Amino acid sequence: MAVAREVHEESGVRVKIEGMRYIASQPWPFPQSLMVGFIAEAEEKQASLPEFVDDVVPVGSYGVHLLAENLSLPAIAVDMKELEDARWVHRSRLKAVLENKQTHGGGPFSVPGRHAIANHLMQEWTKHKNGTESEWAGDTVPYVDIDEGVFKYVLIQVNDDMGNKKLIVRGDKSMAYHSDIFKHTRQVLMTLGLQAEVLGGGRISHDVAERSIHVYGFSQAYGRANHAVTATLLRQWFPFHAVSFSWDGY
């Protein structure tokens with residue numbers, strides 16, 4: 001109960017008591033004090049899906065679930081007297097940071113050293129999978145790989161022969177056409193034994209200095225991607241950016 005109370009008081013997020021797991025402890029630099037680390041699941045909020053334009057390319061039940069899951073994340077209200085910052089970070093993004101993998105314009109994102117209890121909590125959480133998940137080649141494929149500036153992008157569904165799937169966003173300003181981006185990505189995925197299906201495209205404006213990303217437009221070759229889903233993936237990968245989308249423009 002004490003853990004749930006402290007999390008709510010300092011972050012504004014309510015967590016479920018059931019399923020809470022103790023991970024580790026560490027001395028606190030005050031006399032006779034101890035830090036304890038737990039992993040818990042947040043209580044979801046009620047949310048409704050945004051309205052899509054008529055010509056958006058369908059993303060299937062997987063894409064809708066991804067969007068609904070993100071919208072159900074409770075709002076964070078940080079107690080600045082206790083915490084400097086708090087925000088939601090996707091498991092795959094945190095894993096990439098822990099493995100020192102670079103991303104285009106990801107912004108400053110550092111983690112405590114390996115002896116810190118916070119590092120142990122992060123490592124433990126990124127290794128955890130629920131009962132329905134299994135290891136597959138798609139785990140090595142980043143959800144997002146985009147450029148800086150203004151460029152075309154495609155939303156792609158990746159899957160294997162066992163029914164595993166995920167959605168990824170790819171954008172490269174050196175490639176003039178949406179089809180170039182998709183063909184290049186598909187070739188990379190084929191080397192991993194994976195299949196790719198393009199689910200539309202559009203454009204992205206990525207301002208690294210301002211930490212902002214805007215998704216808009218459509219692809220003449222593949223149609224208009226579901227920018228709401230694309231924005232969700234981008235928010236997961238760029239937790240320090242302001243991400244927006246519009247159905248307008250080309």
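## Salt bridges

The count of salt bridges comes to seven in this predicted model. Three of them are listed below with the distance between nitrogen and oxygen.

| Salt bridge | N to O distance |
|---|---|
| Glu 124 and Arg 21 | 3.5 Å |
| Arg 224 and Asp 55 | 3.0 Å |
| Glu 124 and Lys 127 | 4.0 Å |

Glu 124 and Arg 21 form a salt bridge with an N to O distance of 3.5 Å. This pair links distant parts of the chain, with Glu 124 in helix α4 and Arg 21 in strand β1, 103 residues apart. Glu 124 has a relative accessible area of 25% and is therefore partly exposed. Arg 21 is likewise partly exposed, because its relative accessible area is 31%.

Glu 124 also forms a salt bridge with Lys 127. Both residues belong to helix α4, where they are three residues apart, about one turn of the helix. Lys 127 counts as exposed because its relative accessible area is 60%, the cut-off for exposed being over 50%.

In the salt bridge of Arg 224 with Asp 55, the closest N and O atoms are 3.0 Å apart. Arg 224 sits in the loop between β7 (212-216) and α6, and Asp 55 in the loop between β2 and α2 (60-71), so the pair ties together parts 169 residues apart in sequence. Arg 224 has 11% relative accessibility and so counts as buried, whereas Asp 55, at 45%, counts as partly exposed.

## Annotated positions

UniProt, in an unreviewed entry, gives Lys 152 the feature "binding site". Lys 152 is part of strand β4 (residues 149-159). Its relative accessibility is 13%, so Lys 152 counts as buried. Beyond its neighbours within four places in sequence, Lys 152 has contacts that include Arg 170, Asp 172, Tyr 177, His 178, Arg 203 and Tyr 250. A polar atom of the Lys 152 side chain lies 3.0 Å from the backbone oxygen of Ala 176.

The feature "active site" is listed by UniProt, also in an unreviewed entry, for His 178. His 178 is in helix α5 (residues 178-190). With a relative accessible area of 4%, His 178 is buried. Not counting residues up to four places away in sequence, His 178 touches Lys 152, Tyr 153, Val 154, Gly 201, Gly 202, Phe 218, Ser 219 and Tyr 222.

## Helix burial

Helix α6 (residues 227-237) is mostly covered, with 10 of its 11 residues buried. Among them are His 227, Thr 230, Leu 233, Gln 236 and Trp 237. At the start of α6, a side-chain oxygen of Asn 226 comes to within 3.1 Å of the backbone nitrogen of Ala 228.

In helix α4 (residues 117-127), the buried residues are Ile 117, Asn 119 and Thr 126. They pack against β1 (21-27), β2 and α3 (91-98).

## Surface patch

Tyr 22, Leu 34, Val 36 and Phe 38 make a nonpolar surface patch of about 390 Å². Strand β2 (residues 34-39) contributes the largest share of the patch, three residues. Leu 34 is in strand β2. With 56% relative accessibility, Leu 34 counts as exposed.

Technical notes
Residues are numbered from 1 along each chain as its sequence is written. This is a predicted model: local features need pLDDT of at least 70, side-chain atom pairs count only at pLDDT 80 or more; totals for chains, interfaces and linings use all residues. Side-chain values use heavy atoms; hydrogens and water are left out. Patches are made of residues with over 30% relative accessible area and no salt bridge: like charges are joined within 9 Å, nonpolar side chains (Val, Leu, Ile, Met, Phe, Trp, Tyr) within 5 Å. Accessible areas come from the Shrake-Rupley method with a 1.4 Å probe; for residues, only the protein chains shown count as cover. A salt bridge is a side-chain nitrogen of Lys or Arg within 4 Å of a carboxyl oxygen of Asp or Glu. Helices (H or I, at least four residues) and strands (E, at least two) are DSSP runs, numbered from the N terminus. Buried means under 20% relative accessible area, exposed over 50%, partly exposed in between (1.4 Å probe, protein chains only). UniProt positions are given in the numbering used here, feature names are shortened, and annotations may be inferred rather than shown by experiment. Contact means heavy atoms within 4.5 Å. A polar contact is a pair of N or O atoms within 3.5 Å; within protein, one must be able to donate a hydrogen and the other to accept it, and residues adjacent in sequence count only if both atoms are side-chain atoms.
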